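Student: I've got a model open and I'd like to learn how to read its chain contact and its core. Can you walk me through it?

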2 protein chains.
Amino acid sequence: MTSIDDVCINAIRFLSVDAVQKAKSGHPGAPMGMAPMAYTLWDRFLKHNPADPQWPDRDRFILSAGHASALIYSLLHLAGYDLPLDEVRNFRQWGSKTPGHPEHGETPGVEMTTGPLGQGFAHGVGMALAERWLAERYNRPGHTIVDHFTYAIVSDGDLEEGVSAEAASLAGTLGLGKLVYLYDKNDIQIEGSTSVVFTENVAARFAAYGWQVIGPINGHDVQAIEAAIASARAERCRPSLIICQTIIGYGSPAQGTAKVHGEPLGEEGVRAAKDALGWPQEPAFYVPDDALAHMRKAVERGAAAQAEWRSRFESYAAAHADLAREFELYGRGQLPEGWDAGLEELFPPDAPPNATRNTSGKVLNVLAKRIPVLMGGSADLAPSNKTLIDGAGDFGASTPSGRNLHFGVREHAMGSIAGGMALHGGVIPYTGTFLTFADYMRPPMRLAALMKQRVIYVFTHDSIGLGEDGPTHQPVEQTMNLRAVPNLTVIRPADATETAEAWRAAIANTTGPTALLLTRQNLPTIDRTQYAPAAGVLKGGYVLWDSRPGQPEVILIGTGSELELAMKAADALAAEGIGVRVVSMPSWELFDAQDAEYRESVLPAAVRARVAVEAGLRLGWERYVGLDGEVVGMDGFGASAPYQKLYEAFGITAEAIVERAKALLAS
Amino acid sequence: MTSIDDVCINAIRFLSVDAVQKAKSGHPGAPMGMAPMAYTLWDRFLKHNPADPQWPDRDRFILSAGHASALIYSLLHLAGYDLPLDEVRNFRQWGSKTPGHPEHGETPGVEMTTGPLGQGFAHGVGMALAERWLAERYNRPGHTIVDHFTYAIVSDGDLEEGVSAEAASLAGTLGLGKLVYLYDKNDIQIEGSTSVVFTENVAARFAAYGWQVIGPINGHDVQAIEAAIASARAERCRPSLIICQTIIGYGSPAQGTAKVHGEPLGEEGVRAAKDALGWPQEPAFYVPDDALAHMRKAVERGAAAQAEWRSRFESYAAAHADLAREFELYGRGQLPEGWDAGLEELFPPDAPPNATRNTSGKVLNVLAKRIPVLMGGSADLAPSNKTLIDGAGDFGASTPSGRNLHFGVREHAMGSIAGGMALHGGVIPYTGTFLTFADYMRPPMRLAALMKQRVIYVFTHDSIGLGEDGPTHQPVEQTMNLRAVPNLTVIRPADATETAEAWRAAIANTTGPTALLLTRQNLPTIDRTQYAPAAGVLKGGYVLWDSRPGQPEVILIGTGSELELAMKAADALAAEGIGVRVVSMPSWELFDAQDAEYRESVLPAAVRARVAVEAGLRLGWERYVGLDGEVVGMDGFGASAPYQKLYEAFGITAEAIVERAKALLAS
């Protein structure tokens with residue numbers, strides 16, 4: 001006699017198998033092996049409400065092995081999310097809610113976009129971190145409003161990726177006990193057996209990180225899985241890894257081999273698998289009534305759980321009205337009134353020269369006082385990045401109220417953890433490192449952009465202006481590279497006043513991440529009584545200064561530390577009677593988002609004598625200077641020397657700008 | 001009484017301290033703590049010849065903690081490399097051989113460029129892998145010509161980085177016993193104590209990877225270090241990690257704190273440290289005669305060791321002339337005559353449509369037959385990347401002659417290991433993954449470009465053309481991002497014939513890495529009897545076809561899979577009597593390296609009606625189309641659907657090209 005558990009598990013399996021088969025592409029093997037653990041978790045433990053995927057106190061569930069996407073679509077449909085069977089049938093098709101890999105924002109109940117391996121693992125750490133911090137901030141004696149788990153299913157591939165190693169080590173250090181990961185150990189990867197590349201003792205490794213390791217258990221045994229998850233939940237001081245030994249493609253003729261990983265089973269394979277597991281051949285996408293009824297109980301359970309929570313929240317709100325309001329405000333991703341008041345007056349015209357990393361630190365601290373959920377840190381460069389919030393304490397296992405995060409030298413996990421915090425909601429995360437090390441954290445930045453998450457990346461030491469540390473530390477191509485990421489806003493402010501506006505833009509950007517590129521070296525503060533207001537930053541590019549009214553003869557475009565050079569060059573050109581305009585262009589994305597009229601007002605199409613200047617790659621600036629303009633910049637790597645020497649040696653000087661401008665006017 | 005060991009160690013310490021102090025920037029603390037382990041290794045074990053840093057059978061030494069650069073400069077100077085004391089005095093200055101972080105190619109004896117943490121660790125694994133493979137290929141009974149160790153000093157920060165975790169796991173799996181790493185465990189990082197971020201049990205973690213772990217030992221005790229290195233060398237089946245407990249900034253008043261990490265000690269600090277360790281205050285850069293004499297014995301020892309090896313090599317050459325010639329040929333980075341003969345004839349005009357990933361696999365296999373040291377693999381996507389060399393076997397602990405590498409899902413370590421193999425020399429490494437996952441391996445690609453190393457990166461699934469896997473797997477910005485890396489040559493071939501030329505260019509590029517961007521989907525083979533020869537790839541961009549002689553009215557520029565669309569559009573335009581040119585532009589870097597006359601011959605300045613087409617970001621193409629042209633491409637992320645649907649939905653079609661071209665001509 002088949003138990004209801006088995007029926008449900010096979011329903012999950014064959015919805016997945018049929019979806020892949022119909023799409024003629026996808027990954028059937030992983031869902032077939034993972035179905036028991038996913039089912040057990042969802043049926044016995046997962047606190048969620050299919051009718052309200054945004055319920056703040058729901059458990060988070062991440063399918064880190066995103067290629068098993070058919071699994072989560074099957075689960076969501078069966079559990080009663082707004083994902084009709086037709087969507088499952090429409091797997092991987094244009095316009096469906098069931099894309100090839102799970103995408104946050106496309107499908108209700110998908111907590112994050114996965115597919116790039118290791119990211120789900122590491123983002124989950126960020127979610128658990130956010131939960132821990134929020135619980136500490138908001139819960140009060142007798143009033144527990146934040147109390148949920150972060151679960152993930154992770155694969156062999158997830159555990160091979162370095163980002164998961166970084167995140168696991170930090171999660172152990174931080175004692176994130178409400179993190180529960182089910183490891184689908186099927187010993188198979190695309191190139192064959194994991195024995196060729198992955199013979200390490202995973203259990204011993206995670207124990208070394210300070211995790212509770214459970215198993216290996218039989219990953220197809222519901223009772224064993226249930227007991228393991230119960231043990232994991234009971235351990236509140238250490239994250240838990242449950243090692244589930246499974247068989248990829250369970251039930252199919254090629255089970256336990258790489259053949260079932262990334263291709264449909266084929267008609268014969270589907271038939272054989274259904275026979276092997278006693279499943280009806282027809283119809284495809286068959287869901288037995290009892291399975292649907294059983295799994296749909298999630299709707300009732302979820303409604304009851306959320307209602308119970310809501311009533312708790314109301315009594316909390318009665319006792320702690322301010323906290324409750326704050327919790328709801330930030331939960332919606334909103335900001336308190338007046339959060340950015342007076343930022344434009346932080347740096348008066350006579351403010352002494354300063355590095356934008358320093359002025360960024362000042363702005364951050366002003367904002368952090370007004371926005372208590374603004375929190376973050378650096379990958380071991382906080383004193384250089386100026387990312388510390390004064391007096392806000394360090395987040396740690398025994399100090400969970402701290403807002404300063406210490407990531408260690410783990411840029412990649414830092415990016416992922418910050419992404420996970422943003423996804424969790426209720427907090428506004430930021431990170432810090434040198435701009436050149438943006439290269440270490442590209443995958444989570446891309447994911448944040450794709451998932452439209454508000455994460456703020458502070459990148460200091462943004463050019464050869466960092467000097468002696470040399471080419472390994474001097475970004476050259478990174479600025480351009482970040483500009484190329486869709487939906488990532490890059491802002492490279494030119495002085496203190498622009499830095500304040502850059503932070504304003506970053507905090508206000510609720511539909512994507514923002515990267516702030518800041519100098520190590522001092523820059524003069526632009527006297528805004530003489531030059532256009534720094535608020536122009538919010539439009540990405542703006543006319544800073546015209547030597548005389550009317551159409552300019554030549555336009556100089558600068559960003560960040562090089563705007564000063566453009567201004568000096570403009571003075572020299574103006575002194576010779578040339579009509580010159582200086583455009584400050586801190587953000588290409590913001591500028592390109594303006595309407596054509598505004599862009600024309602800044603960069604008139606008729607004026608083709610244009611010189612851009614940036615202490616980075618020249619490549620890309622053709623976007624604004626075209627085939628007829630000039631770029632004062634770099635074509636190769638930097639060098640080690642005091643920075644003044646480097647600017648001179650690489651020819652990034654006011655004189656060079658003047659010379660190019662004159663040559664253009666003469667041609 | 002002070003031993004000669006202590007004198008030498010303090011000489012290393014204070015050369016480093018004085019260099020940092022004079023430069024007014026740098027990292028004194030690490031050299032002060034690491035000096036004993038570095039000295040012991042160099043004095044007792046390291047097989048090297050200061051007079052010939054290129055000796056192929058030398059031990060490799062990597063300072064993974066590159067910020068401790070003053071340490072290696074002190075060592076190199078004292079051991080007798082071509083690095084005069086004046087260079088040490090000139091630390092971190094323009095034109096010196098002593099840049100802020102060690103740079104391969106700038107300083108004799110610096111095996112690799114370090115500074116970005118984790119990279120030295122992971123590149124060392126590549127060096128040890130190359131040594132193991134070369135030993136297997138070339139050594140013969142009675143003739144051992146390849147037999148050396150790879151040593152590194154690694155720091156807390158190195159071990160926090162995920163790339164070192166990936167590489168360590170693989171090194172354990174592969175049993176690279178001649179890898180010996182000294183871990184400078186000083187428990188301090190920039191943000192303070194490692195206890196805040198790094199409480200894992202490192203010894204247990206590395207044991208879990210299958211490493212021999214020795215210690216913790218007293219890292220300031222020469223005898224203990226010597227015994228530990230001897231044990232490490234004796235273990236030939238497992239890599240070894242020697243945990244050396246040290247004190248950062250040993251001897252300075254602030255020893256054991258983050259204060260001594262990244263700033264000069266200051267005059268008082270220097271004075272106090274010299275007092276504390278009994279070192280004369282004056283002169284700065286003091287080297288006692290006995291210390292110099294002792295350390296310079298390395299010159300004599302090295303000359304003798306190399307001479308002994310040379311005589312062994314000569315008897316080897318007498319017995320195995322072909323192997324000896326081959327060893328020397330590839331050791332010089334050269335290629336056998338005829339290595340690329342006939343590549344242009346591999347794909348006849350009537351070759352059926354095929355994906356460039358497939359034709360790449362065919363070319364690779366042709367080349368691999370002719371170049372026995374061409375070796376590499378994929379990060380678990382070999383069947384998709386088509387990177388397997390038929391019949392060449394898998395490299396493994398018990399099969400060290402295999403040329404197919406299996407990296408597991410570890411793109412970052414893959415890039416670093418390939419870089420280490422190239423640095424080692426004697427082999428030509430390649431890697432494989434999907435183009436979107438280039439994001440995971442940016443740091444080692446940048447290092448390979450900076451170090452001018454021949455590494456070939458095979459990136460398949462190079463656009464929305466991969467279809468159903470969706471936006472996480474569809475590169476959009478990656479092509480542009482790779483083009484932005486200085487000295488990285490990016491080639492996106494348009495068909496089988498261009499793919500053959502792309503491989504020719506990649507193998508021939510001995511001064512930098514090359515990325516090959518290849519399709520998942522089939523493309524027609526261009527009939528070269530009708531169109532210009534594919535050899536134009538070697539010039540980066542070339543005129544594929546002109547509808548009629550003379551100056552064209554409009555130029556269509558395409559790469560990779562979109563060249564087909566440009567060709568179709570050109571046919572349509574030509575049918576309407578418009579003078580149209582099609583330019584194939586597989587490599588911006590190669591094209592930009594041509595002289596102005598050639599470039600003008602392809603893209604005449606006078607023709608401003610230009611349309612570029614690429615299934616990737618439009619951003620950047622302004623370089624060739626300017627302010628007046630058009631780009632048919634993308635501005636955001638892709639989507640999940642069959643690829644034909646995606647091309648249509650994103651408007652990347654021949655019709656769109658025609659329309660833009662006509663609009664330009666009409667304007």
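Tutor: Start with buried area, the accessible area (1.4 Å probe) that two parts lose on being put together, summed over both. Here chain B and chain A bury about 8200 Å² between them, with 58% of it on carbon and sulfur atoms. In chain B, the residues losing the most area to chain A are B:Trp94, B:Glu191 and B:Arg446, together 10% of what that side buries. Keep in mind that this is a predicted model: local features need pLDDT of at least 70, side-chain atom pairs count only at pLDDT 80 or more, and totals for chains, interfaces and linings use all residues. Residues are numbered from 1 along each chain as its sequence is written, chains are lettered from A in the order in which they are written, and side-chain values use heavy atoms, leaving out hydrogens and water.

Student: How many residues does the contact take from chain B and from chain A?

Tutor: Contact means heavy atoms within 4.5 Å. Chain B gives 101 residues and chain A gives 102 residues.

Student: And how many salt bridges are there between chain B and chain A?

Tutor: A salt bridge puts a side-chain nitrogen of Lys or Arg within 4 Å of a carboxyl oxygen of Asp or Glu. The count is 8 between chain B and chain A, including B:Arg92 with A:Asp469 (2.6 Å, N to O).

Student: Which residues touch the most other members of the largest nonpolar core?

Tutor: Such a core is a set of buried (under 20% relative accessible area, 1.4 Å probe, protein chains only) Ala, Val, Leu, Ile, Met, Phe, Trp, Tyr and Cys residues joined through side-chain atoms within 4.5 Å. Among its 325 residues, look at A:Leu556 and B:Leu556. A second, separate core of 67 residues includes B:Leu46 and B:Leu63.

Definitions and conventions. Buried means under 20% relative accessible area, exposed over 50%, partly exposed in between (1.4 Å probe, protein chains only).
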